Amino acid sequence: MALLRRFNTIRSLYQTLEMHQSSSFPSSRSYSTGFSNVSPFYGQGVTSCLYKTQTNALPWTRRNTLTLRSTMAAELLIFLNDKKSLSTQAPNQTRKVGAQISMTSPGFVYEPYALREPIPFWKRYFTRTGWRQTKEDIKSELKSAYAIAKLRKTGYSKQKFYKEAVELYKEISTLIANGDKTSLRKAVTENMFSALKNEIKQRESIWSKVYWELVEPIVKIRTLRARLIGVDKNDLNKAFIQLTLEFLTKEKFEAYDSKGAVVAGDKTKEVLVRSIWVFEESLLHSGAHWRLCGRIKV
């Protein structure tokens, strides 16, 4: 009887999702690779290198699409109750304009993406642990769908954003390699700039100079997660959007000491690198642009 009830629950959940299908949004594709580990970039560098992994997709959804009906917005209001208050989270990332205070960034990565081990089919459906993770996966997918739906109303295009994200990845990585903190400040959030500034300082105490190059086109880019961070519960348009992207790239790296001798890397060789970056954009300010707000260790 317990087994029958579990099947009925799964079937009801599937039917509920089917009834809400109307318009689609891009979902993350999973992949696995056989590339072996390679040494990390420099110090706590921009990225970590590729290792074998696989992301578990929801079994009842197509691996590249999931649908969300606009009327589901009301049902997703439960997620807004889970938003963190921004008035006290990031006081150092506000700017005073006249008598008003303008927030430039929440100052944290909301619900940072975390890698999960794949769960076998039988364990996902017939154990408490599997059912609990399935529930969390559904909730996470719906949050991402809601955030993407809000972002699309501002003219968001996935292909256009991916192109911009690759340019940002290249620009920020180059600035870090060159130690150009002045230009770097404009491309990242305040908290991220503080972390990168310390990273550059630590690296320069070891290496005198660094060569870095991105081999284009990149191997792969995909969206892992989207989150909407509300500022005003009475106005859903006052929010920040955070998109977590995975980059699979080929890069060249070489480090030198004070005498110009090579002490690490080899710029004649391409290294396969996997990076997870979080980009943020404000829906509060007209003309706001995407900035790097965090990096996920892999």
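A residue counts as buried under 20% relative accessible area, as exposed over 50%, and as partly exposed in between. E111, with a relative accessible area of 24%, is therefore partly exposed. The structure described here is a predicted model. Its chain has seven helices and ten strands, and 44% of its 298 residues count as buried.

**Overall composition**

- The accessible surface of the chain comes to about 16,700 Å², and carbon and sulfur atoms account for 51% of that area.
- Among contacts in the chain with a separation of 6 or more, 71% are between residues 24 or more positions apart.

**Helix α5**

- The 21 residues of α5 should span 30 Å at 1.5 Å a residue, and the end C-alpha atoms are 30 Å apart, which agrees.
- G179 follows α5 and has a positive phi, near 70°.

**Helix α7**

- Helix α7 runs over residues 190–204 and has 15 residues. From its first C-alpha to its last it reaches 21 Å, close to the 21 Å expected at 1.5 Å a residue.
- M192, F193, L196, E199, I200 and R203 are buried in α7.
- Seen down the axis of α7, these buried residues fall within an arc of 125°, so they line one face of the helix.
- An α-helix has 3.6 residues a turn, so residues three or four places apart point the same way.
- The buried residues of α7 are covered by elements that include α5 (158–178), α6 (181–187), β6 (209–232) and β10 (291–296).

**Aromatic residues**

- The chain holds eleven aromatic pairs, with ring centres within 6.5 Å as the criterion.
- In one of these pairs, the rings of W277 and F279 have their centres 6.1 Å apart and their planes at 45°, so the pair is tilted.
- One aromatic cluster is formed by Y156, F161, Y162, Y169, F247, W277, F279 and W290.
- In a contact of another kind, the charged end of K267 sits over the ring of Y211, at 5.2 Å from the ring centre.

**F247 in strand β7**

- F247 is found in strand β7 and counts as buried, because its relative accessibility is 1%.
- F247 and T223 are 24 residues apart along the chain, and their C-alpha atoms are separated by 9.2 Å.

**Strand β6**

- L224 has its place in strand β6 and is buried, with a relative accessible area of 11%.
- In sequence, L224 and S144 are 80 residues apart, whereas in space they are 8.9 Å apart, C-alpha to C-alpha.
- P217 also lies in strand β6. The peptide bond that joins E216 and P217 is cis, with omega about 0°.

**Loop residues**

- E111 lies in the loop between β5 (100–103) and α3 (121–126). Although E111 is not a glycine, its phi is positive, at about 50°.
- K259 lies in the loop between β7 and β8 (262–265). With a relative accessible area of 79%, K259 is exposed.
- K259 and S208 are 51 residues apart along the chain, and their C-alpha atoms are separated by 8.3 Å.

Note on methods
Residues numbered from 1 in each chain as written. Predicted model: local features only at pLDDT ≥ 70, side-chain atom pairs only at ≥ 80, totals over all residues. Heavy atoms only, no water. Helix = DSSP H or I, 4+ residues; strand = E, 2+ residues; numbered from the N terminus. Expected span 1.5 Å × (residues − 1). Buried < 20%, exposed > 50% of the residue type's maximum accessible area, 1.4 Å probe, protein only. Arc of directions from axis to C-beta. Contact = heavy atoms within 4.5 Å. Phe/Tyr/Trp six-rings, centres within 6.5 Å; stacked < 30°, edge-to-face > 60°. Lys NZ or Arg CZ within 6 Å of the ring centre and 35° of its normal. Areas by Shrake-Rupley, 256 points an atom, 1.4 Å probe, with all protein chains shown as cover.
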